[in-house]
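Subject: Structure handover

Hi,

Here is the structure I promised to pass on. Please load it before you read the notes below.

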Amino acid sequence: MTVARVLPATLVGLILMFLALPIVVVMVVSFSSATYLTFPPPAFGLRWYSAYFASDDWLRSTWLSLWVAASVVVLATLLGTLAALGIARLPKALRVLASALILSPLIVPVIVVAIGIYYAFARYGLVGTPAGLILAHTCLAVPFVVTSVNASLAGIDPRLEQAALSLGATPTGTFFQITLPLIRPGVLVGALFAFITSFDELVVALFISGSGAVTLPRRMWDDLLYQIEPTIAAVSTLTIVLTVVLMGCAHLLGKRAAA
Amino acid sequence: MAGAGRGAKVTLSNLERSYDRVAAVAGVSLDILSGEFLTLLGPSGSGKSTTLMMIAGFEKPTGGDIAIDGKSVVAMPPYRRNIGMVFQNYALFPHLTAADNIGFPLKQRGVGKAEREKLVREALALMQLPDHGERYPRQLSGGQQQRVALARAIVFKPRLLLMDEPLGALDKQLRENLQLEMRRLHADLGITFIYVTHDQEEALTMSDRIAVMNAGLVAQVGRPEDLYDRPGSRFVASFLGESNFLPAIVRGIEDDVVVAECEGAIIRALCPGRPATGEKVMLTTRPERIRFADGAFASTAPQNRLSVTVTEAVFAGERCRYMLQARDGTAMVLKEPSSAAIRRRAVGERTEIAWSVADTILV
Amino acid sequence: MSEGVEIRFEGLAATRQSGVRLPWRLSWRPVMPLLLAAPLLLFMLVFYALPVLSMLMRSVNDPSWTLSHYASLTGDTVFLKVFSNTLYTSLTVTAGALLLGYPVALSLVRAPRYAPVILILILLPFWTSVLVRSYAWMVLLGRHGLINEALLAAGMIDQPLRILNTPLATQIAMVHILLPYMVLPIANALRQIDPSLARAASGLGATPWATFRQITLPLSMPGVAAGVLLVFVLALGFYITPAMVGGTREITLSMLIAQQVDQLNWAYAATLSVVLLATALAIIAAFYRLPGVGHTLRTSAR
């Protein structure tokens with residue numbers, strides 16, 4: 001092991017620790033039994049987890065976030081898949097324009113999107129309602145669905161559609177029997193991303209959740225500003241587990257589809 | 001050709017396909033006979049694939065007509081044409097098993113499940129893949145996939161089968177085996193096969209007739225041996241097999257034979273037309289039809305003779321290949337079987353070559 | 001889609017031959033694709049594009065058509081301070097992410113044995129929400145957080161340092177959160193470098209360091225550019241992290257915008273938003289044209 005090998009390896013190791021450390025710390029703190037934020041924790045226990053499960057507010061927010069995210073999945077996947085299918089077959093100019101609109105939420109700074117939506121939703125009367133959240137989050141989630149379905153579509157050998165037609169399948173038949181099954185992985189990955197995007201979303205929720213539709217991230221934020229209590233660590237750990245599981249699935253699905 | 005009644009008759013009339021003023025197909029007229037195995041042969045860009053695509057219905061002609069069994073199909077979408085098609089990369093549906101792939105066209109035609117299963121079983125047996133029905137395409141080898149693709153294309157008993165370089169992705173040995181299988185399949189089914197390839201050996205092996213295409217037009221159509229022995233143009237002569245070209249000046253005509261002067265010698269060649277005396281023409285002959293005049297050979301057929309110098313001698317396993325140069329510089333190639341009994345020529349050797357007048361063509 | 005729909009097929013140039021992939025596109029009359037895409041397009045127009053645009057318009061039509069809001073920015077010390085702070089933070093964060101991220105990307109590609117582990121260590125934080133990660137830094141950098149406790153225990157300091165609620169905290173946390181966005185494009189670009197090039201250089205007498213400097217590094221530039229672009233633009237718009245760990249003394253542009261909206265100064269907020277958006281777009285436009293950047297961004301998109 002030469003110096004030339006050890007030094008970079010150590011460096012990289014340190015950087016990787018830097019990456020992993022915060023997450024680990026949060027999870028450790030969540031099992032702390034102290035009331036204030038210290039590390040290392042003086043003792044361990046499930047105090048903050050029970051606090052979470054005992055709290056109506058926390059559970060209500062969790063429930064809201066879950067079913068808003070579920071609704072966003074349905075809406076974004078449906079709209080996004082149809083759009084991806086349509087856009088792929090548009091003439092170039094229209095395709096570029098449509099893609100620009102649909103993918104723009106990825107580029108526009110989220111604060112700008114948030115206050116823009118707030119500006120309009122306040123007039124529509126959608127602030128503080130789950131419906132408002134669902135509508136806004138769908139716009140944020142759709143770019144992921146469209147990108148994912150598009151990637152799947154691009155991977156389909158165009159000669160498969162030709163073969164189907166030559167074998168007597170009508171265009172409609174080709175779509176349902178050949179195209180749709182082959183883009184299923186892309187749709188699923190997009191759906192998973194849509195769920196996570198909505199579930200974790202904070203900035204837009206800060207403005208439009210009002211007092212009637214407090215999502216889980218919004219509640220965590222409010223709690224943080226007023227007291228730094230390790231309950232949040234417990235909630236964070238739970239959300240970490242949830243997102244990691246879902247994203248892990250998406251990652252594996254993506255790899256299997258590419259094979 | 002077998003079963004003349006079971007195959008479709010295809011007529012291409014002045015078929016054209018242009019993109020932005022570039023003509024991929026510039027006026028192709030062809031009568032494809034019922035039940036024959038016709039190959040469209042040509043280099044890249046000759047328009048052979050485009051022509052096939054128009055017959056299949058995936059390209060719309062910008063001019064001309066396509067008639068199948070007397071009926072024009074140009075306005076008909078591909079899924080109504082009832083034509084079987086095999087693609088170079090097989091185009092098997094990856095999410096369906098081999099059996100489901102083969103059953104797909106039957107499903108589109110509303111064939112009942114029991115009947116479908118029976119026909120699929122028969123097709124798999126015909127392709128010698130009786131136990132592979134439940135496998136997915138990715139679990140099959142290249143040759144097996146191609147057979148499944150074939151089975152899928154014929155299971156619904158079409159009268160016409162189109163093939164777009166189906167063996168291009170396979171290695172030589174497998175290719176040759178499948179070529180024979182396809183010949184057999186053609187003989188068994190008796191339907192019309194239209195085959196596209198750029199491999200002239202493949203075309204010569206498999207076809208009843210070959211249509212040689214170049215730059216969007218049919219250069220010549222005919223039986224393999226006719227095209228090989230009597231190429232109608234320089235292009236066909238050099239594309240199909242190897243050819244020697246001798247520039248000459250016409251000195252006269254005797255019956256069907258033109259007498260021309262080349263390199264100071266008199267060369268006679270078969271010639272269908274009547275060129276004028278003094279006209280500059282090109283004569284051609286195949287390298288394997290020439291032999292060294294001083295070798296052990298006897299023929300009663302009229303011969304052409306020429307003095308040459310050997311410039312290169314290459315031993316290539318089956319044959320020896322000699323590059324020769326005539327008096328005024330014309331280069332020629334001679335191929336003869338390699339055998340211990342035949343003397344190998346040395347570079348620089350001056351000798352005479354001879355070949356049959358019947359093997360000399362004016363192009 | 002009825003059976004009677006006429007199908008127009010568009011192939012490409014006549015020189016396409018089998019063996020080369022034919023990018024056929026079955027295009028129904030343009031109506032059908034539009035019908036498929038229209039629901040989403042309309043949806044996004046109504047609930048996203050028009051709201052944002054109408055809000056941005058407040059920067060020029062409040063109270064009536066005027067460019068005064070923009071003009072007054074030049075003399076607006078608060079804005080200038082916040083804007084420069086935002087740019088400065090984004091720059092330092094990008095630089096930090098590049099310095100830390102390049103070695104990690106290199107190790108991902110050079111050490112295939114550890115690659116899955118490294119990938120997990122990059123992806124796991126990447127997958128957790130920004131909120132949780134920012135909270136994690138609050139825990140780490142607080143007065144009784146891990147960093148201070150460790151330094152105290154090691155005897156390096158007598159009193160807890162004040163790291164939380166300073167610009168430094170913002171920078172550290174943002175580097176952490178944005179690091180994966182730097183690593184992935186660079187790793188992608190590195191992976192695409194033909195391995196035989198390094199071997200050729202070595203055979204021609206180049207030391208490993210020289211090979212890296214003259215062959216690998218230049219060829220990885222599209223990935224570096226893509227990563228820098230991504231991180232910088234994301235850093236510009238960051239809100240959650242600076243708000244949680246940066247304190248209130250030096251704020252970013254996004255925080256200023258949020259403040260103004262809380263105070264209902266819509267025109268001002270809109271003007272600031274336009275500035276932020278324009279800056280982001282300008283950077284993207286400038287970088288995207290660099291060779292290979294667009295491609296690297298597209299192929300490393302998850």
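The notes go through the chains one by one.

First, a caution: this is a predicted model.

Chain A

Chain A has 11 helices and 0 strands. From the N terminus on, its order is therefore simply α-α-α-α-α-α-α-α-α-α-α. The C-alpha trace of chain A spans about 70 × 65 × 30 Å along its principal axes. Of the 259 residues in chain A, 51% are buried. I also looked at contacts in chain A with a separation of 6 or more. Residues 24 or more positions apart account for 76% of them.

The contact between chains A and C

Chain A puts 71 residues into this contact, and chain C puts in 73 residues. On the chain A side, helix α1 (residues 3–30) gives the most, with 13 residues. The chain A side that touches chain C divides into 57 nonpolar, 11 polar and 3 charged residues.

Chain B

Look at helix α1 of chain B, residues 48–56. Is it enclosed or open? It is largely enclosed by the rest of the structure, because 9 of its 9 residues are buried. A residue counts as buried if 20 or more other C-beta atoms lie within 10 Å of its own. The buried residues of α1(B) run from Lys48(B), Ser49(B), Thr50(B) and Thr51(B) through Leu52(B), Met53(B) and Met54(B) to Ile55(B) and Ala56(B). Just after α1(B) comes Gly57(B), with a positive phi of about 105°.

Chain C

Chain C is divided into two parts: domain 1 covers 8–41 and domain 2 covers 70–299. How far apart do the C-alpha centres of the two domains lie? The answer is 40 Å.

Leu50(C) sits in helix α1 (residues 31–57) of chain C. Is Leu50(C) buried or partly exposed? Leu50(C) has 13 other C-beta atoms within 10 Å, so it is partly exposed. Exposed would need 12 or fewer, and buried 20 or more. Leaving aside neighbours within four places in sequence, Leu50(C) is in contact with Ala120(A) and Leu45(C). Thr248(C) is 198 residues from Leu50(C) in sequence. In space, the two are 32 Å apart, C-alpha to C-alpha.

That is the set of notes. Over to you.

Best wishes

Conventions. Residues are numbered from 1 along each chain as its sequence is written. Chains are lettered from A and ligands numbered from 1 in the order in which they are written. This is a predicted model: local features need pLDDT of at least 70, side-chain atom pairs count only at pLDDT 80 or more; totals for chains, interfaces and linings use all residues. Helices (H or I, at least four residues) and strands (E, at least two) are DSSP runs, numbered from the N terminus. Two residues are in contact if their C-beta atoms, placed from the backbone, lie within 7 Å. Ala, Val, Leu, Ile, Met, Phe, Trp, Tyr, Cys and Pro count as nonpolar, Asp, Glu, Lys and Arg as charged, and the others, Gly among them, as polar. Domain bounds come from an automatic or database domain assignment.
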